[in-house]
Amino acid sequence: MVNDLAAKGKQEFFPGQVLSCTQQGPDFLFTCDNGVQLSVQVITDKILRFRYATEAGFAADFSYAVPADQPRQALEFLEFREKPDHYRITTERLICTISKQNAASRVLDRSGTLLSADEKGFHWEYDYETGNDIVKMSKQVQSGVHYYGLGDKPDNMNLRGKRFTNWGTDTYGYTKGSDPLYKNIPFYLELQQKIAHGIFFDNTFKASFDFAAERADVTSFWAMGGEMNYYFIYGPTLTEVTQEYTRLTCPPELPPLWALGYHQCKWSYFPESNFRGIAKGFRDRKIPCDALYLDIDYMDGYRCFTWSPAHFPEPKKMVRELAEDGFKTIVIIDPGIKIDPNYSVHKEGLENDYFCRRADGPLMKGSVWPGLCNFPDYTRPDVREWWAGLFKGLIQEDGVRGVWNDMNEPAVFEKGTFPDDVRFSYDGHSASHKKAHNIYGMQMARATAAGVKQFSYPNRPFTITRSTYAGGQRYSSAWTGDNIASWEHLWLANIQCQRLSISGFSFVGSDVGGFIDTPDGELYVRWVALAAFHPFFRTHSSGDHGDQEPWSFGEQYLDLARGFIELRYRLLPYMYTTFWQYVQEGTPVLRPLTFLDQNDTETYLRMAEFSLGDHLLVCPITQAGADGRWMYLPRGDWFYYWTDEAKQGGAEVWASAPLDRIPLFVKAGAVIPMYPLMQYVGEKTVDELTLHVYFKQGSETSVVYDDGGEGYGYQQGQSTTRRFTVTGTATGLTLAQAIEGDYQPSFTTYRILFHGLGFPAGAATVDQAAAAFTAGESEAGLALPELVVASSFATITLSAAPDTAG
């Protein structure tokens, strides 16, 4: 009998026959004869939410990823019908059927193409050790399917044939294929028959994903507790899937413009004289830089929110004087609060019972850098409010401009993370560490962001986190963790940042040059060249392995690194505009090749090439000694940035790239804005914006957004959006500008450089008045026809010289 019961405890259970369905507006509840319930919510005409309850019924509906106050879209069309063997829900874009036999679901587009079909569908297993249900979902693999996304996984871009787990882990020195890593983003995209959809499995327990690894005809995902609760997100393009997911979990606010500049970090810069020396090194060598970081050694005995009196005796004065030279100081804050009766932060946490406790009541203790620590329960609103208030000293009083959260997987030295029995409030939905682990870093970042924002006002905040969950992009930027100074990790940095970007988290970068070990000059320069096109751009290294400032590798490599950092600073208006598009529309800042043309099957397995925004295509050099590389250009017309050589896409091309270049192509018809060179954001007033206009036979639209890059005026409409349309023919080109918004940028003129004109430039008119070309030169040293015009122009027309016009 006992053995029979034990065996029964391990068996899988399934929904029974559907007895009834009740509809309440766009929400449908299916009830089975064995007590299982399925809730199908039509969130939008492209998003369906599936929740399953076993015989225990539904738990309270709560999510850290999807804000509860999001308004539901009013549906233009919704139809519900009962058929003999199934129920059918139809929206303007989708058809969903629920089988009466076993509640299995199928989703089709309105043309009848099958997008998703349950295999076993929902099933579960009772876990005697925890009392949780291990909830599982398996689906049929459609023909020709490919999988993408899932956050920071260090593996091939296409996930088919792989299996992964989400359980935030401090993975020092990870390698290709290491799993799990720091971040927990249970969202993936599926492309089949050139149609895309996504699955977001909103479950914070340890979760696994099998992309046709165990069985070639089945893909599945499961979690060690909680609900089977997932969203089906329709494209039909990959970009639209990411946009819908990002809007569902909410994009961030705009960062300050300086946060998109270059950052320098090391474990650790101390004492103060060394930190100031690093700042002087940048300015003396004319290397643009906006932010310098202090790792754990700035603290007094690694106590958070303190300064070492020996290493930094006058922090306020130091931070102020660095700010006068354009440097923003960023400091690290970890979750471990040192157990010390004389330490005010620990005393406050103890007195107010803010720290996590074990199941039987004792405080959770774990060793990190300060020694034995207690850890705040960031899943409590009052603890988050307390934590936010702790930043007043660093931010408002000392002038620190940003905060870097680390070790928040959470990581402890004893066994890697907290014991399973640690208890959390979970915002009123009491939970163990099994449920709260994957959101701990996100909630720490949330509390930190609130404090930095409160005390930075009227300036915008900046925060960075190592660990996060779906939706964590609302609170912070991120980096890819403790990587290695190797060519493989340069390759991984490219993949991981693309993957995070299409997983809704675009404000990402890697530790340039590698955190562990020391790169040689060639590897460092190639890494700087790639990172110049990543949203978050920071060199970071461990002090154990030598210096890693741009000048650490000799003058030759210094000049090369400086050149790429300077290019980044010139491209800031383009980068900022691309970030604004991400905030407004949910479009990923970095877009893999498949996102650029999912109708071209040549893109499905490629991963090196990516676009930054709408019009720049980048492909890093990731092999030592290479002077160029073969790469695939998406269909369309392109110009090689360094030479203006025109290339037709839909084919592999050779991109010559000695150490002073990275393969970089500009889409034909693009208008690329550039700033004058600055050593830091705000160093000088931008009187003139350079526009690089690339010829196209046909039409292409570009946008430039500006709001000053600081403060919150943009939320009251103090911004300007400039839309440029290039229209080219064999004998002429028209550049039209439409301006929206009342914000007046500092510049009043454009310096316009024309690339790749398909005809010798003859006459030019600006708003029907004749204008004269001058001889211009691009940042890459190319001689080009140039016009200087008022930034308010409406239309510029170029025509071919008379001997070619007829």
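Author: Helices (H or I, at least four residues) and strands (E, at least two) are DSSP runs, numbered from the N terminus. Glu119 is found in one of these runs, strand 10, residues 114-126. This is a predicted model, where local features need pLDDT of at least 70 and side-chain atom pairs count only at pLDDT 80 or more, while totals for chains, interfaces and linings use all residues. Residues are numbered from 1 along each chain as its sequence is written, and side-chain values use heavy atoms, with hydrogens and water left out.

Reader: Why does Glu119 count as partly exposed?

Author: Buried means under 20% relative accessible area, exposed over 50%, and partly exposed in between (1.4 Å probe, protein chains only). Glu119 has 29% relative accessibility, so Glu119 counts as partly exposed.

Reader: What makes Glu119 and Ser138 a polar contact?

Author: A polar contact is a pair of N or O atoms within 3.5 Å; within protein, one must be able to donate a hydrogen and the other to accept it, and residues adjacent in sequence count only if both atoms are side-chain atoms. The side chains of Glu119 and Ser138 are joined at 2.8 Å. The side chain of Glu119 also makes a polar contact with the side chain of Arg215, at 3.1 Å.

Reader: Which residues is Glu119 in contact with, leaving aside its neighbours within four places in sequence?

Author: Contact means heavy atoms within 4.5 Å. By that rule Glu119 touches Ser138, Lys139, Gln140, Arg215 and Val218. Glu119 and Ser220 are 101 residues apart in sequence, with 9.1 Å between their C-alpha atoms.

Reader: On to Thr379. Why does Thr379 count as buried?

Author: The relative accessibility of Thr379 is 1%, so Thr379 counts as buried. Thr379 sits in the loop between strand 24 (371-374) and helix 6 (381-389).

Reader: What makes Arg466 and Asp170 a salt bridge?

Author: A salt bridge is a side-chain nitrogen of Lys or Arg within 4 Å of a carboxyl oxygen of Asp or Glu. The closest N and O atoms of Arg466 and Asp170 are 3.5 Å apart, so the pair qualifies. The pair links distant parts of the chain, 296 residues apart. Arg466 is in the loop between strand 28 (463-465) and strand 29 (477-479), and Asp170 in the loop between strand 13 (163-166) and strand 14 (187-192).

Reader: How many salt bridges does a search of the whole structure find?

Author: The search finds 53. One of them joins Asp353 to Arg357, with the closest N and O atoms 3.0 Å apart. Asp353 is partly exposed at 35%, and Arg357 is partly exposed at 32%. Glu602 and Arg606 form another, at 3.5 Å. Salt bridges that share partners join Asp170, Asp406, Glu409, Arg466 and Asp482 into one network.

Reader: How do you know that domain 2 and domain 4 are in contact?

Author: 30 residues of domain 2 are in contact with 23 residues of domain 4. Domain 2 covers 258-334, 383-417 and 437-585, and domain 4 covers 671-800; such bounds come from an automatic or database domain assignment. The two C-alpha centres lie 32 Å apart.

Reader: What do domain 2 and domain 4 bury between them?

Author: About 2400 Å², 62% of it on carbon and sulfur atoms. Buried area is the accessible area (1.4 Å probe) that two parts lose on being put together, summed over both. In domain 2, Arg460, Arg570 and Trp580 lose the most area to domain 4, together 31% of what that side buries.

Reader: How many salt bridges does the rule find across the interface of domain 2 and domain 4?

Author: The rule finds two. The same interface has 11 residue pairs in polar contact, both residues at pLDDT 80 or more. Helix 12 (572-585) and helix 11 (555-570) each supply at least two residues of the domain 2 side. Helix 12 gives the most, with seven residues.
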